Amino acid sequence: MLEFRKDLFADERDDNLNVIGKGEQRQDMLGHVTGRTRFFDDHGFDGLLHLKVVRSPHHHARIRSIDVTAAERAPGVKRVIRGQDVPLNKNTLLSLIDFGKDDEPTLAVDKVRYKGEPIVAIIADSEAEALAAVKLVRVSYDPLPTVFDVQEALKPGAVVVNETYPGNYFEYHDKYDHQKLRFGDVEAAFRTADHVLEERYQMSPIEHASTETNGTIAAPETNNRYVVHSCAQGLFFSLGTTAKILALESNRLHFIGGTVGGGFGGKVDSLTEPLAVLGAILTGRPVRYVLGREEEMQFASPRGAERHVIKDGVMRDGRIVARQITSYFDAGAYTRLTSYGVVKCVAHMPGPYTIPNVRGDAYCVFTNRVPATAMRGFGVTGVDFSIEVQMDKLAHLVGIDPMEFRILNAYRDGDMKAHRRVAHNTALIECVQVVAEKVNWPLSETARRASSLSGGGGPRAAIPPTVTDESGRIGRPETRQAPPQLTPGAAPLPAHQPRPAVPVYQPPPAHQPAAALPNYPAQPADAAPLPAPAPPVPNAPAPPQHGAARFSSVFTRRR
Amino acid sequence: MARMPVQFRLNGSDRAVFVEPAETLLGTIRRGLGDFAPKFGCGQGTCGVCTVLVDGEPRLGCLTLSVTCEGRSIETASGLADGPTLHPLQAAFMEHFAAQCGFCTPGMLMAAKALLDRNPNPTRVEVVEAIAGNVCRCTGYEPIINAILAAAQQRGARRA
Ligand code: FES
Ligand code: FES
């Protein structure tokens, strides 16, 4: 049964919401069951042409020459498109919100950076003729060394994947090699913690595998406009991207979509729209560009791989006193949306827990893999999974029931989060309590009585004296200890200089596999009373809270 | 190669069309005849979104040559409803939230119809088997299975 705990959000909204718990029919359902829903490919056009691309067989190679003469003469071929035919053959998706540098060509010209990168597009009367002509394009390559591991890619001297970012890392606000979070002093806290646990978590890339593959049909319309039937999840995002790449006024593009045959994040990259529209412009005919299933699975962007290294300091009574996380996001060869996922990751690093000392570092790294993109909570899912596995291990380490361990460390209303924002409407404690009740998981009396609404704030609202990094950039000015110096991550990167070394995590030499988690025996209700909920916070005077304004997101440029 | 004439019945109407010798039934139905209900998901027989009925039997449109359908009766999801009246499977899919993006739905419905037409009272296992060739990436299948079972029950109740 669904319960809506309005008491927890009483001050949030006063309207009377009354839909939860009732059945409501979706407006698009009738179309789905009658087969009338029109997906992008469900549109008939006379004289429809088909577009297919030549893809790189190499993970990394210089292109020496491209010979399309045989393909141009092949039966049914109407047009061959090359990189120089694309008006603006370099783009990055988030440039529409002024975030990041253009780094990805629509069709590769001088170099390929991942296996499957498009180089030439062929437009023909039929799909079969387009595919046959693709095989006739002769590209000669000089293969280059490759890098597939995020930490290898950050080492000095590593192969440069994407020349726009010669350090193999995305440059935040043109200055910073990664995203940082600093709160308190983790090193000092590790020294006084009863236990320190360091673990490494590796996520694989995941393909969205929607049943409908990516695709677009574009056709000339009246008034010198083009109609574009698109699979895009963000239709206007795709419109803006296409307009930019083709240097067209956006009002010449009439995008139709919204019916997405499964997206999950895999249809935000405008993989097919720009070329289909360019094809329609160059041929004056409707052009359909649809990825085949193999193309979709191998070369359309997946959720990228992530690596999280988490080091926690915990006291015998269960309080987590320090958390240090280093995260590496594998963007593949181009930025697409990974830079944004990293920002989201940093926002989740402490988890929903009040930890007085937090240090986070997250890198968006370029490798010779297929460029990654959004997928269902990307940036968050991997780090949250890692944190929660780590929480189970910590609970085991100190011998506390994992549910109680979470209640003990959960943030409460009024607590200061490591991002220097005060926690409001926290409800983790209540969630854990409800889950425990539903699955008959015995909780101690103290844990059952705990509440997000009490026990927070006070000393837990303080911003601790924060260790600054080498340049003194993070933390309040009055807590800066070191004079600013030029160091990686802080100073503007000199153009085309040997890049500064990025500190790279080295796994501890003898890495012990974590012991299997025990089965937690049912506990009598009073077995493990929780200690007082307030973790000690270094007693710094709570200054006027001004940190939040400095929090950078992708939508505000750093001053 | 020369195009070849083919005649078959599509959702109750006689249709005649010229096809390439290697043209698939899916291509003919969609781009040749304009019925876009059956979908293309893989073109290699792995996803089932192209499922149509040929003489009542479920067939993968992407692996069936149009020239082999001469004189046959083809059914797609477009022909399921009787005018404004939904087929019990369609009503049950709506009721049980058995579609999210809806891309697998036309194929699912046809696989389910083939099952109920020959086995009006299937077990859960039989339903699972009947849609085993149909991939759905959104729903997790449970609502689809429940909808098919509910449609069977409802039809049974009507017959009784
Ligand atoms: S399109 Fe026919 S089985 Fe996938
Ligand atoms: S509803 Fe999306 S694939 Fe089934």
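## Chain B as a whole

A residue is called buried when its relative accessible area is under 20%. In this predicted model, buried residues make up 48% of the 160 residues in chain B. The accessible surface of chain B comes to about 7,200 Å², and carbon and sulfur atoms hold 52% of that area.

Chain B contains five helices and five strands. Their order along the sequence is β-β-α-β-β-β-α-α-α-α. The radius of gyration of chain B is 16 Å, close to the 15 Å that the globule rule gives for 160 residues, so chain B is as compact as a globular protein of that length. The C-alpha trace of chain B spans about 50 × 30 × 25 Å along its principal axes.

Among the contacts in chain B with a separation of 6 or more, 57% are between residues 24 or more positions apart.

## Helix α1 of chain B

Helix α1 of chain B covers residues 25–32. Its buried residues are Leu25(B), Leu26(B), Thr28(B), Ile29(B) and Arg30(B). The cover over these buried residues includes four strands of chain B: β1 (4–10), β2 (13–19), β3 (51–54) and β5 (73–75). Just after α1(B) comes Gly34(B), with a positive phi of about 80°.

## Confidence in chain A

The average pLDDT of chain A is 86, and 82% of the residues score at least 70. Where pLDDT is low, the predicted coordinates should not be read in detail.

Pro352(A) sits in a loop of chain A, between α9 (338–347) and β15 (358–366). Is this residue buried or partly exposed? Buried means under 20% relative accessible area; Pro352(A) has 21% relative accessibility, so it counts as partly exposed.

Leaving aside residues up to four places away in sequence, Pro352(A) touches Glu388(A), Asn409(A), Ala410(A), Tyr411(A) and Leu428(A). Pro352(A) and Ala427(A) are 75 residues apart in sequence, while their C-alpha atoms are 9.4 Å apart in space.

Terms used: Residues are numbered from 1 along each chain as its sequence is written. Chains are lettered from A and ligands numbered from 1 in the order in which they are written. This is a predicted model: local features need pLDDT of at least 70, side-chain atom pairs count only at pLDDT 80 or more; totals for chains, interfaces and linings use all residues. Side-chain values use heavy atoms; hydrogens and water are left out. Helices (H or I, at least four residues) and strands (E, at least two) are DSSP runs, numbered from the N terminus. The radius of gyration is taken over C-alpha atoms; the globule rule is 2.2 Å times the number of residues to the power 0.38. Buried means under 20% relative accessible area, exposed over 50%, partly exposed in between (1.4 Å probe, protein chains only). Contact means heavy atoms within 4.5 Å. Accessible areas come from the Shrake-Rupley method with a 1.4 Å probe; for residues, only the protein chains shown count as cover. pLDDT is the predictor's confidence in each residue, from 0 to 100.
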